[in-house]
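Colleague: I would like a close look at one part of this model. Please start with a single residue and then go on to whatever else can be described.

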Amino acid sequence: MDLKGKKVYLSGTEAPVSREELERRLAELGAQVVEPDAAPDAAPDVVLSGEVVFSVRLPDLEEQKVGVPMLPEAELYELLLRGEQADGTFADHDALAAANDPAELLGLLREADWTAFAPERDLPSLREKLAELEREHGVTEAHRLATEQLVARGARLRHPHAHPAYEDGGGLLDFELSPCGRHLATGRWGEDAEAGTVQIWEKSTGRAVNEIVIDGGVGWLGDRDTVQWSADGTRLAVGFCTNQVGVWDPFGQSANPHGYADVTDGNDSSATFALAPDGRRAYVSMRTSHEVMGCIAPLDRGEVVYAHQFDHLEGTRPELLPEPIPEDARQLLGPSQIGRDGEPDRYEFFFGQVRWSRDGTRLLGDDGPVACVVDVPGGRMRWLARIGDARWNGLSIPLAWSPDDRLVAAVASGEPGTLTVLDARTGNQVGESVEQTPGMLHWGMRDADARLAIVLPDGGGVDVHDEDGRRFHLDIDTTKKIGMHDAGPERPWAWDPSGEHGACLTADGRVEVWSLGDEPACVRSIDVPAETTAVLWGASGVLAVMGEYTLRFVRALTGEVVGDFEFGQESDEELRPVEEGDFIGDMFQEDSFPLDESTWCTIAKPAVGPAASLVIGPEDADLDAVLAWTVDRRFAWPVRWGVLDVVEDLEAAEAALQR
C-alpha cells in the first residue's frame, strides 16, 4: 500500500518501536498521523490496528464499517521497510535482455537505480532474464545481487499453506482465474479455524503471493462463483460468512474489505451474486416485493445491511429491480402464486446463476433450463427463454454463456439429445439445433470466434463445435468427475487463452492436452494427483490442476511441474520447532507449516527485513519447492536465487536476528 498523501490512525499498536519513531517513519513515507476524533475532512484513510482481523462479529469497529482499510500490526513492519519509490528508470531493459554473460549482467545490475525499481514494470523481464541465465550458467552473483536488493526493499518469504496451517481449514471450495490469466484465486472455508482464507497464486511460478484471512469462512460446500474478479483484476469479490458478499484488494494488505453486503435475509447457503465489471457493486439475489428478484448493492462504501421485508437499513440503500416481468415471459414462467379467485396473483424470477456483462449493461443468467437477460439499472427483462432440460446424476446440466457475452448454449435430453444456441442480445436462436449427447459445456474463444467443448460422461470423449458450423469429436476416456457448474468444484475441461488448444481430465488420472487446429491431435499426456477434479489454463501456458486438497501447476506443452502442493495432511504438531503463538525475538511471530507428516518448518510473520531469509527447519529440506519471496504481493521470486538462513531451533533463530 502506498501511504504517500494518506492520513493514518495508529490504533492500539504494540509495535516494538516507540510511537514517535513510527510517526517519523510514516512521515518519511509521506503519511500524516491523525487522531480518531479528528474533523471529518481529516478522517483516516488507513488504520494500523494492532492484531485486529476483519470480523463481521465485532460491532464496534467503526472504521471497517465505512470501508477504511485496516492493516494488522504484523503488516506494519513490511510497510516500514518500503522506501518511497523514486521516479525514473530502474535500468535499460534492452541492455539487460542483450547481456550475454553473467559478468555483463552483474555489472548492469550494480549500475541500476534500485530505488526506481517498479515491480509491475521491471520484475517480469528481469526474472525472465535471470531464469535464462540460470539455464546456461546456474545461479550466479547476478541472481544474488538482485535478490538482496529485493529483500532489502520488503520482499516477503511465504509458504503455500493457508493460515492457520496447523488446523483443518477445509478443502478448496472455489477458485477463479484473473481476467489476465496471470493469477489464480482459491478459497477455503476454514472449518476448525472459524475463518476462511483466500489465496492468490501467480500462475507462471506456481507460488502463493498473497493471502486474505476472512472471518466466517469463504464460500459454501457445493456452491460455485463465490470468488469473482473485477474486469481489471484489481478487486476480488468473495462470498463469505455463509451468505454475505465483500470486495477485497487481491494484492493488498488490508484485513477488511472495501465494502460488504448482508442482504439475503439470512439464507443458509452462499449468496448468488454477480460482480459488476468495475468491482464496486454487485447484483445479489434476494426476495423483494418486485417481480425480478435481487438488488444492486454497493461494495465500496463499507457495511451495507438491508432486510427488505422489514425495511431495515444500515449503510447505503441497495437499488432494487422494479420493472415488471413482460407478459410473454410471464406466460413462459407461469405464476408463482395463485389468488383466491383462482387467477394468477404473482409472478417472480430468481437467478440460479448469474454474471454481469462485460459492458456493464446487463445481467446474464439462468434458473435451471430457463435463460434470461435483464437490463441494469432498473431490471427490465430483455428476454427469457426455456432451452435446456438435460440432467446428469439427478442434477440439471447448466446453460453456458460465451466469454464475449454473445451466445448461450444448452443441451436438451432425448434420443438423441439436442444442442441449441441463442443470441444473448436478443434471445433468438442461432442456426438450427443439432444432435448432441448431453454433457458439461465449456466455451472458449479463438480470436473473435466462440468455440464450445462438451465433455461427455462415462468416458464418452469430447465434442467440439465451432461457430462456423465445424464439428469434431475427441476420443478421450473422460473423467467420471464431470460434475455440474453449480454443484461442486468439478471443471474437467480448459481452453487455452488463444483457443488453439484444450486440456481434459481423464478417467485414469491424467490430463490430455490437444491441439485443435485443422487436424486435432493429442500433443501431451500429463499425470495429475489422484483426486484432481478441475483444470484451468492461464497465462504463460501453465495449467492449474486441483482437487480438494491438492494443487499442481504444470506447463501444458512440456509437462514441466512448476509447483506441486498437498494440503490437509496429518502432521505431528509435537514436532513443530516453535510453539503456536510464540514470538521470534521481540518483533516477529512464528509462522509454522508442515513439510510432510513428520517434518515442520517455521518462518517469521511477516518474513521481511531481518527475518526475510530466516527458516527454522532441517538443513537438507528442499525449501525451493515450497518457499518463495513475494514482491508487491503479486510476483514470486525463487529462494534458490538468494541465501536462506536455515537454523535448527528458536534459540538459533533469535541469535540470527541479532547478527
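Leaving aside its neighbours within four places in sequence, which residues is Arg346 in contact with?

Modeller: The model is a predicted one. Once neighbours within four places in sequence are left aside, Arg346 is in contact with Arg287, Thr288, Ser289, His290, Met293, Pro335, Ser336 and Gln337. Arg346 itself belongs to strand S21, which covers residues 344-346.

Asp463 is found in strand S34, residues 462-466. The relative accessible area of Asp463 is 7%, under the 20% limit, so this residue counts as buried. Not counting residues up to four places away in sequence, Asp463 touches Gln436, Leu452, Ala453, Ile454, Leu456, Arg471, Phe472 and His473. With His473 there is also a polar contact, in which the two side chains are joined at 2.6 Å.

Lys4 lies in the segment before strand S1, which spans 7-10. Its relative accessible area is 52%, and because the cut-off for exposed is over 50%, Lys4 is exposed. Lys4 and Ala27 are 23 residues apart in sequence, while their C-alpha atoms are 8.7 Å apart in space.

The last part is a pair of helices. Two packed helices are described by the angle between their axes and the distance between the axes. For helix H6 (residues 119-137) and helix H7 (residues 141-152), the angle is about 150 degrees and the axes are 10 Å apart. Angles over 145 degrees count as roughly antiparallel, so H6 and H7 are roughly antiparallel to each other. The crossing of H6 past H7 is left-handed. On the H6 side, the contact is made by Leu123, Leu126, Leu130, Leu133 and Glu134, and on the H7 side by Ala142, His143, Ala146 and Leu150. Sorted by type, the residues of this contact are 7 nonpolar, 1 polar and 1 charged.

Methods:
Residues are numbered from 1 along each chain as its sequence is written. This is a predicted model: local features need pLDDT of at least 70, side-chain atom pairs count only at pLDDT 80 or more; totals for chains, interfaces and linings use all residues. Side-chain values use heavy atoms; hydrogens and water are left out. Helices (H or I, at least four residues) and strands (E, at least two) are DSSP runs, numbered from the N terminus. Contact means heavy atoms within 4.5 Å. Axes are lines fitted to C-alpha atoms, for helices over the stretch in contact, and angles run from 0 to 180 degrees between N-to-C directions. Angles under 35 degrees count as roughly parallel, over 145 as roughly antiparallel, 65 to 115 as roughly perpendicular and the rest as oblique. A crossing is left-handed if the near helix is turned anticlockwise from the far one by less than a right angle, and right-handed if clockwise. Ala, Val, Leu, Ile, Met, Phe, Trp, Tyr, Cys and Pro count as nonpolar, Asp, Glu, Lys and Arg as charged, and the others, Gly among them, as polar. Buried means under 20% relative accessible area, exposed over 50%, partly exposed in between (1.4 Å probe, protein chains only). A polar contact is a pair of N or O atoms within 3.5 Å; within protein, one must be able to donate a hydrogen and the other to accept it, and residues adjacent in sequence count only if both atoms are side-chain atoms.
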